[in-house]
Every structure is written in structure tokens, then in C-alpha cells.
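Welcome! Here is a short briefing to read alongside the structure.

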Amino acid sequence: MPSGSRDSFTSKFGIIAAAAGSAVGLGNIWRFPLVTTQNGGGAFLLLYIGFILLIGIPVMLSEFTIGRRAQLNAFGSFKKLAPGTPWYLVGSLGIVTAFAILAFYSTVAGWTLEYLVQSISGKLLHTQDMEKNFADFSTHPYRPLVWQLVFMLLTAVVVYAGIQKGIEKYTKILMPILLVLIIFVAIRAVSLPGAGEGVKYLFVPDWGAVNFKTVLMALGQAAFSLSIGMGTLITYGSYIQKDNNLLKTSAQVALADTSIAILSSLMVIPAIFAFSVGYIDQMSPGPGLVFEVLPNVFKSMSGGIIFAIIFFFLLAVAALTSTISVLEVVVAYLKEELNFSRGKATLIGSVSISVLGVFATMSFGPLAEFQIFGQTIFGLLNYASANIMLTFGALLIVIFVGWRMRKIAFMEEVSNNGELVSIMFKIVFFIIRYIAPVAIGIIAVAALFIKGITG
């Protein structure tokens, strides 16, 4: 497909909103706060920010560069930039990874809609046993399936509309709403009596809690909180116009993602401390925090029903901005490599992912006893994508940019054919070529043996 006929983002804010929306997801709200507080608070936060600057931004820039250089989907980009070589398999891995991630992610995204409805109806805050409430819902034979399919439909509607009229238009609306709501709830959380201890626990460095695993977790969080390794940023990069400063955009997306992660921590941790609903050091990042622990917090708060509604709405928004970007990876491949129309590609992509997603959703109910390699379907998709596909995908991407893609091609792309001049371009390329492969390689190996490194 000629590059001139491709849809593209029309504004700088649209690019940042879409890419940040891809990065910002449920993990920012249920993983980052607990991982930070359980690993030294401010010490972990400083390590994380350092790794974002050192590794996260350069790797994000690598994906943007591949996509914009080729002006194609993840598969087509590698095929165009390295013709006659097996590098296209890296693009294939990205598409398979996106497919697998959306299959199980849509399960959890559907849960946010159920809890939003429970909050609006008042049922949630009148529930006595939150653990039983979540178990009853997640194991129900059809209720989770309904919400999963509704969420996939919402995702498909946005992606079907295209880049400008769909993804850019709606992420430019959803991301500011998400930010405002998180700030609103965070202000309420830190103003609660006793919340100060939570703020202190979150931000005061506890260097005694830092060990090698902590460093690895900070590195893993930084590397994969930006939605790298699954083709989304390559795909979005292909829609970025040639006059955009890719390095600056990467830094702005990283800043937006990190800011929302920190604000999410201020929204969650101080509230937990204020109402002493559990021991943070014993909690596990994941659904238990947002579907069991936090509803008890809202029950204890004055005006809790309002904050429950806002919280689960923003959770649904965060999930939607992520699912949109992941589906687009698959749709772009079907559209450009198999010559399907956007409508047909969206239908085939969303339906096929939903079929696998149904089995993932049923892993908590009727298919709970069905296991592969000791994992439920949901667990296997989660583990394989987070611990294997994403890590090795990201590793191969930086190796490709650093060693297979010519340095002059990288410099032409990031400098907009010489219009931009900065010493940072050479520094970032050095990081991509020498430092990032080592760092991500360590994560890739560690993720196979240490639980929780990448999610």
C-alpha cells in the first residue's frame, strides 16, 4: 500500500493521547502502586524513573522508528526493512502477542463494566463479602462472557472508524477524562484521615528493601509499562507524520504514562492506609486489589458510592484505550497484508480474538479445571505473553534497530532527514545498540524464573 494512501494522526496531541493510551492500562492501577510500595517506595520509584529514561524511552523510540520508516504494520515493517531475511518473524511475533494479550485482557476489561454497573446500582457497596462477590461473578457461566463481548464490541467500534475518526478522536477525549478523574480521586484519597502514612510509605525511600530482585522489577516495570514488544508502537509509529519529532514524542508519552502511574498510586495506597483494609506487604498486584480490597475502601468512605462509580469508570476507560491499540495491531496486519477492508479486518480480528477470549473468561468458571502445562487458558495466555513473548519481542526489536537497521537510516528517521539536530540521537542509538539488549536480555531470562518481573 503506498504510504500516501495511509491514514495518519493529524495532531501531536493525538499521537501522544493514542500512544499514552496504549501504555496506560489496568497495570498502572493495580500493579504499579503495590509493586512500588512493596519494593522500597521512593527507592523503587527513583529506580523506575531512571530506567524509564535509560531503557524505556530508547526502546519506544526504536518501535516508532521502525513503524514510521516502513509506513506499514508490524509484520510488513520488518519485511520491508529487511527483505529476504527471517526478520519478518519478529513482526509475526508481535501480532501473535497482541492477539494473545487482547484475548485475556478483554476478560478483565469486561469485569470493569460489571463493577461499574454494580456501583451505579448500589449493589457493590451493600455487599458484605467482597471476595465472595468477585468469585461469584468471575465464575458465573455467562455474566463475565457478556461483559467481555460488550467490551470487545466497544473496542471494535472505535478501531473500525479508523485512525483519525476513531483511534485519534476517541483517545483525545478519553485520555483527558482519565487524567481528570484520577486526579480527582487522588485528591480525595490523600485528604482522608490517616492517608499521610500511605503517602509516606509510597514516596519515602526505603533502601533497605532494595535488592537485586527489586532492581529487576523496576527495570521490568520500566521496560514494559510503555506497551513495547507487541507491535502497538510500531503500528502507531507508521501513522506518525514525517515532520514529527519522534524522540520528543517518546519522552512525552513516557512522561504521561509515568505521571498516571504515580497518580494512580496516590489514588490507591493512601486510601488503603486510611481505612486499614489489609496489609499492603502481603497483597498481590492484580484483580484482588481493585475488585476486592478497594470496594471495601469505598464502603468506608463518605460519598463512597460516587467514588466507586468514578473509579470503575476510569478503570474501564484505561482498559479501553489499551484494547483499542492492541486490536489495531491485528487489524493493520489483516488490512495491509491480506488486503481486507478496514471493516472486514476489524470484524475478523475482533471475532477471532473474542473466541479465544471466551475460553480465557471461562477459565474462572466452567473451564477452571482444564489446564495446559499446569495453567488455565487465562493463566497460560497471561504468562506466555508477559514472560516470553513481550520480553523476547522487545529484545529482538532493539537488536534489529541497533545492529540490522543501518545507523544512517535510524539517524535520518529521528532527525527528520537532518532537519533536527541533537547529540541525544547518537546517545540514544548507543543505548539501543549496546545497553538496551543487555538490560532486556536480563529481564527475559529473569522473567522465566522469577515471578512478577514483567507482570
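**A first look**

Phe392 has its place in helix H17, where helices are DSSP runs (H or I) of at least four residues, numbered from the N terminus. This is a predicted model, in which local features need pLDDT of at least 70 and side-chain atom pairs count only at pLDDT 80 or more, while totals for chains, interfaces and linings use all residues. Residues are numbered from 1 along each chain as its sequence is written, and side-chain values use heavy atoms, leaving out hydrogens and water.

**The surface patch**

- Phe392 counts as partly exposed because its relative accessibility is 32% (buried is under 20%, exposed over 50%, partly exposed in between, with a 1.4 Å probe and protein chains only).
- Together with Tyr383, Ile388, Val445, Leu448 and Phe449, Phe392 forms a nonpolar patch on the surface with about 550 Å² of accessible area (Shrake-Rupley method, 1.4 Å probe, with only the protein chains shown as cover for residues).
- Such patches are made of residues with over 30% relative accessible area and no salt bridge, with nonpolar side chains (Val, Leu, Ile, Met, Phe, Trp, Tyr) joined within 5 Å and like charges within 9 Å.
- Helix H17, residues 377-404, gives the most to this patch, with 3 residues.

- Ile234 sits in helix H12, residues 232-237, and counts as buried because its relative accessibility is 1%.
- Leaving aside residues up to four places away in sequence, Ile234 touches several residues, including Phe78 and Ile397 (contact means heavy atoms within 4.5 Å).
- The C-alpha atoms of Ile234 and Lys344 are separated by 22 Å, and the two residues are 110 residues apart along the chain.

Note on methods:
Salt bridge = Lys/Arg side-chain N within 4 Å of Asp/Glu carboxyl O. Helix = DSSP H or I, 4+ residues; strand = E, 2+ residues; numbered from the N terminus.
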